[in-house]
Each structure stands twice: as structure tokens, then as C-alpha cells.
Amino acid sequence: MSENTPTEPQDLDDELVWLRHDAAAQRVPLELTGTTSDQVKALEARAAAGAEFAQRFVQFDAAATAGREAPRAWQRGQDVSHEMVPAWLEEYPGTAEALGTTWVQSLAAVGLTPPQLAALVRQVQGGRELPEIKPGDIVEGIVAGNGPARTVRVEVDRVPWTNGPDTTVLCDRTGATAVLTSSVRVVLVNED
């Protein structure tokens with residue numbers, strides 16, 4: 001092990017640098033020269049250094065896990081302050097409002113990027129706005145599912161609701177039918 005190696009990790013980022021340095025030293029091939037006794041001492045020293053390195057890594061891992069604070073070099077995410085959120089997401093309007101600043105900060109910290117956050121919001125909110133539909137309207141859409149594509153017409157008895165990012169549920173007096181949201185259109189408007 002290096003003589004400069006601290007025995008106690010002061011900062012996880014600093015300790016990671018030392019662990020990498022000592023790991024590289026462990027990988028250097030051992031050149032055994034001299035008498036058998038000298039070779040045995042060299043092997044024992046290498047084994048002791050390896051055991052010490054393993055112990056330091058276990059302590060490092062425990063400290064990182066206990067504090068739930070990985071070294072910066074291990075983190076994929078970004079630190080986005082409360083004030084930075086609007087500027088960080090300016091290319092994706094509505095994303096910050098949909099998720100809220102705290103969620104944006106948390107998701108950025110675990111590695112999500114602005115395009116991924118915007119895609120998440122689009123998926124949850126649905127890719128297309130539904131036309132205005134009220135009870136009594138006749139609405140048609142393509143049935144969602146794995147079967148053959150078929151179109152249904154339904155006189156809805158209530159306002160439809162989304163069932164995931166791509167489907168909408170239309171209800172009539174006999175039951176409910178899931179249709180592709182992108183295919184929904186109002187055929188006849190109830191004037192009542």
C-alpha cells in the first residue's frame with residue numbers, strides 16, 4: 001500500500017482516488033527475486049496489502065451506503081437547484097409544472113435528462129388531446145388490443161377517461177370499450 005494512504009476516509013471522493021491508486025498498485029506484477037525466504041516475505045507482504053485494501057474498500061462501501069452518498073465520480077445524475085429547474089427545462093414547456101420542482105430535482109439526481117423527463121410527462125398525460133366529448137355524443141375509435149383492428153361506434157353515457165398513455169375508455173349503457181386515443185373522433189354531437 002502507499003505510504004500516503006489515509007487510514008480513515010475523510011471524504012468519499014478523496015478516498016475513491018486513493019482506492020483507485022492502491023488498486024492499480026495491487027495489479028503490478030510481483031517480481032520475486034532473492035532467496036526463498038525473501039520471496040515468501042514478499043508474497044506475505046502482498047497478501048497483507050491485499051487484505052488491508054479489501055478492508056479499506058469494505059469501510060468505504062459501508063460509509064457510502066450508510067450515508068446514501070456515493071462519490072461524485074459514481075453518480076450519473078446532476079445537481080439541479082430549485083432556481084435552475086425552469087432554465088434546465090426551458091426547451092420542454094409544461095414539464096416542470098407537471099412534475100413539480102422537487103420531482104425534477106430528484107429525477108435529475110438519479111440521472112434522468114430533460115428529454116427523458118418530457119417523455120415521461122407525455123407518456124403519463126397521453127400523446128394526444130381528446131376532443132370534447134359529453135354524454136349522448138356518438139364517438140368512434142379503433143379498439144385497442146392485439147386482435148384485428150376494428151372500429152367501434154359508441155353513444156357514450158359519460159365522459160371518457162384515459163387508460164394509460166395510448167388508450168381511452170368509452171362507456172355506453174352496455175359496457176366499456178378501450179380504444180386508441182389517437183383514433184377517437186366525435187361522429188355526432190348531442191345537442192341536448
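Predicted model: local features only at pLDDT ≥ 70, side-chain atom pairs only at ≥ 80, totals over all residues.
Let's take the patch, then the overall layout, and then the charged pairs.

**The surface patch**
- Leu 32 sits in the loop that runs between α1 (12–27) and α2 (36–66).
- With a relative accessible area of 37%, Leu 32 is partly exposed, because buried would mean under 20% and exposed over 50%.

**The chain as a whole**
- You can find six helices and six strands in the chain, and from the N terminus they follow the order α-α-α-α-α-α-β-β-β-β-β-β.
- Of the 192 residues in the chain, 26% are buried.
- The chain exposes about 12900 Å², with carbon and sulfur atoms supplying 52% of that area.
- If you take the contacts between residues at least 6 apart in sequence, 48% of them join residues at least 24 apart.

**Salt bridges**
- The structure has six salt bridges, and one of them pairs the side chains of Arg 56 and Glu 15 (2.9 Å, N to O).
- Arg 56 belongs to helix α2 and Glu 15 to helix α1, so this pair ties together parts that are 41 residues apart in sequence.
- Arg 56 also meets Asp 22 in a salt bridge (2.7 Å, N to O); Asp 22 lies in helix α1, so here the tied parts are 34 residues apart in sequence.
- How buried are these partners? Arg 56 has a relative accessible area of 5%, Glu 15 has 2%, and Asp 22 is buried too.
- Another salt bridge links Asp 137 and Lys 134 (3.7 Å, N to O); Asp 137 is buried at 1% relative accessible area, whereas Lys 134 is partly exposed at 30%.
- Through shared partners, salt bridges join Glu 15, Asp 22 and Arg 56 into one network.

How values were computed. Residues numbered from 1 in each chain as written. Heavy atoms only, no water. Helix = DSSP H or I, 4+ residues; strand = E, 2+ residues; numbered from the N terminus. Buried < 20%, exposed > 50% of the residue type's maximum accessible area, 1.4 Å probe, protein only. Contact = heavy atoms within 4.5 Å. Areas by Shrake-Rupley, 256 points an atom, 1.4 Å probe, with all protein chains shown as cover. Salt bridge = Lys/Arg side-chain N within 4 Å of Asp/Glu carboxyl O.
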